[in-house]
Amino acid sequence: MSDELNKQTLWTGDYYNQGTGPNDIFDTLKEECGVFGVYGHSEAASLSYYGLHALQHRGEESAGLCVSDRNQFHYHRGMGLVKEVFDKDTLGSLTGDISIGHVRYSTSGDSRLTNAQPLVFRYRAGELALATNGNIVNAPQIRRELEEAGSIFQTTSDTEVVAHLIARSNKPLVEAAKDAFRQIVGGFAFMIMTNEQLIVASDPNGLRPITMGRLGEAYIFASETCALETIGAELVRDVQPGELLILDQHGLIEDRYIEPQRKALCSMEYIYFARPDSDMNGANLHAARKRMGSVMAQESFIDADLVTGVPDSSISAAIGFAEQTGIPYELGMIKNKYTGRTFIQPSQELREQGVKMKLSAVRRVVEGKRVVMIDDSIVRGTTSRRIVNMLRDAGATEVHVRITSPPFKNPCFYGIDTPDRRELIASTMSIEEMRKELNADSLTFLSFEGLIKAVGGDNSTDYKGGMCMACFDNDYPTQTDFGGEEQFGCGC
Ligand code: SF4
């Protein structure tokens, strides 16, 4: 291969199947980040390795781990998957019993190592490490004010904004952290570590998930319960909105920096992001997704020969739809598990074919059949159209699309990378126009009430069943207007 060709085809610095930017060939929403913390276990680094591995689906671009031996930090961060970033020697050097770890997804072009977390700083009171999942909507405004006052930032991550707010305070760490969290607006699960202390906080609405477990005498924190399960830890409870938990030589101190606002956990965690073996708000996600399929079947039954779900996130819902209707569930599509990150820039033709890198229709299953295709959401509509056409190309005589969420019309301010509102197909087209665009025989979406019912929320007592649904109904649980300086997507 010539040098010329090498230059054209090798990695240019962007990944081509990540995110919702112009380079994305799969047109999916991207998870934000995952965090994992340990307090009081001599094998903190090893536990974190397995915990982060269980959270890998929440971020594939970088991973990092900072461990304290109570005198000093040992840390390592790198670009890539957890198994690529850490090896036996690296993990062996991360000694100590307190740790915070992170897996990160970032938008294309912003995947620099300097933004990989945990971020580690030295300030007046010693060492400080921070890791977060989510987005601070007013981070650009606070950053500008801090820079005007002389602060110099090392990263573009808004996690560093919190580090600066803490460092500039003359109060003890816990009080400084509380002041900082009261100034920021957004959806976040935060972990802050010093040589002897671990602080875990949730945003006032509990938008991003964070859960607490025990492993023997140790405390474990993770974005999802599947990470607790992986290391054999026992779930204690979810960290509550506005809570600030402190772990130090006195044990666990359950404190808060603000009274809880309306509980509004991201509904897309239930629908799509989180692993089906995780529990959120007491509900198992596989079971909740099955109920979404079941409620969907009650709301918009269609006679067909088989039901299939877009793997992996829609399989549970497809099983629920099949159980409710009696229409057999079939493996109509197969996912290629090894697509991973693509370094080779696809041609336009390959980009059009992109979905086939990830999914294949099973011709022998769908040929000559009326198919109900269950999917979790429609973003731009390009992937859904390709999947419908792929099923038709494989011989399906009818394709009926059932989406287990309401139409996705608005961008996210709280850590999910979404395209501009104008690119969201549901914000510009009616359902009938979308059906035609997707080349589907019919198209329906789960109702708001159906979604609340499926996750076990109580709409009479909980605000929207305890969920944020802003990307569906444009009703954001926080202030989002900061004079044009507000930040969308993921700010980790
Ligand atoms: S706007 Fe949508 S994606 Fe963002 S936190 Fe709310 S429900 Fe989740």
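This is a predicted model: local features need pLDDT of at least 70, side-chain atom pairs count only at pLDDT 80 or more; totals for chains, interfaces and linings use all residues.
**Entry 1: Ser313**

I started with a pair of side chains: Ser313 and Asp376 are joined by a polar contact of 2.4 Å. A polar contact here is a pair of N or O atoms within 3.5 Å; within protein, one must be able to donate a hydrogen and the other to accept it, and residues adjacent in sequence count only if both atoms are side-chain atoms.

Residues are numbered from 1 along each chain as its sequence is written, and side-chain values use heavy atoms, with hydrogens and water left out.

Where does Ser313 sit? I found Ser313 in the loop between strand 17 (306-309) and helix 11 (315-325). Helices (H or I, at least four residues) and strands (E, at least two) are DSSP runs, numbered from the N terminus.

Is Ser313 buried or exposed? Ser313 has a relative accessible area of 15%, so I put it down as buried. Buried means under 20% relative accessible area, exposed over 50%, and partly exposed in between (1.4 Å probe, protein chains only).

Then I listed what Ser313 is in contact with, leaving aside its neighbours within four places in sequence: Tyr272, Arg289 and Asp376. Contact means heavy atoms within 4.5 Å.

**Entry 2: the annotated spot**

I checked the UniProt record next. Its "binding site" annotation, from an unreviewed entry, covers Ser313, Asp375 and Asp376. These residues span 64 residues in sequence, yet no two of their C-alpha atoms are more than 7.9 Å apart, so they gather at one spot. UniProt positions are given in the numbering used here, feature names are shortened, and annotations may be inferred rather than shown by experiment.

Asp375 got its own look. I found Asp375 in strand 20 (residues 370-375). Its relative accessibility is 8%, so Asp375 counts as buried too. Its side chain makes a polar contact of 3.4 Å with the side chain of Ser314.

**Entry 3: Cys33**

Which residue does UniProt list as "active site"? The unreviewed entry gives Cys33. I located Cys33 in strand 1 (residues 33-39). Its relative accessible area is 0%, so Cys33 is buried.

**Entry 4: around the ligand**

I wrote down the residues around the ligand: Leu207, Arg208, Cys266, Ser267, Met268, Cys412, Tyr414, Ile416, Cys468, Ala470 and Cys471. Helix 9 (267-273) and helix 19 (470-473) are the elements that give two or more residues to this shell. A residue is near a molecule or strand if one of its heavy atoms lies within 4 Å of it.

By class, I got 9 nonpolar, 1 polar and 1 charged residues in the shell. Ala, Val, Leu, Ile, Met, Phe, Trp, Tyr, Cys and Pro count as nonpolar, Asp, Glu, Lys and Arg as charged, and the others, Gly among them, as polar.

**Entry 5: helix 2 and Ala54**

Ala54 is in helix 2 (residues 44-54). With 4% relative accessibility, Ala54 counts as buried. How far apart are Ala54 and Cys226 in space? I noted 6.5 Å, C-alpha to C-alpha, even though they are 172 residues apart in sequence. Ala54 touches Cys226, Ala227, Thr230 and Arg275, with residues up to four places away in sequence left out.

The rest of helix 2 is mostly covered, with 8 of its 11 residues buried. My list of the buried ones reads Ala44, Ala45, Leu47, Ser48, Tyr49, Gly51, Leu52 and Ala54.

**Entry 6: His164 and Ser151**

I looked up His164 and found it in helix 6 (residues 159-168). His164 is at 13% relative accessibility and counts as buried. Beyond residues up to four places away in sequence, His164 touches Leu146, Ser151, Ile152 and Phe153.

Ser151 lies in the loop between helix 5 (139-148) and helix 6. Ser151 is also buried, at 11% relative accessibility. Apart from neighbours within four places in sequence, Ser151 is in contact with Leu146, His164 and Arg168.

**Entry 7: the whole chain**

Last, I zoomed out. The protein chain has 19 helices and 23 strands. Of its 492 residues, 60% count as buried. Among contacts between residues at least 6 apart in sequence, 70% join residues at least 24 apart.
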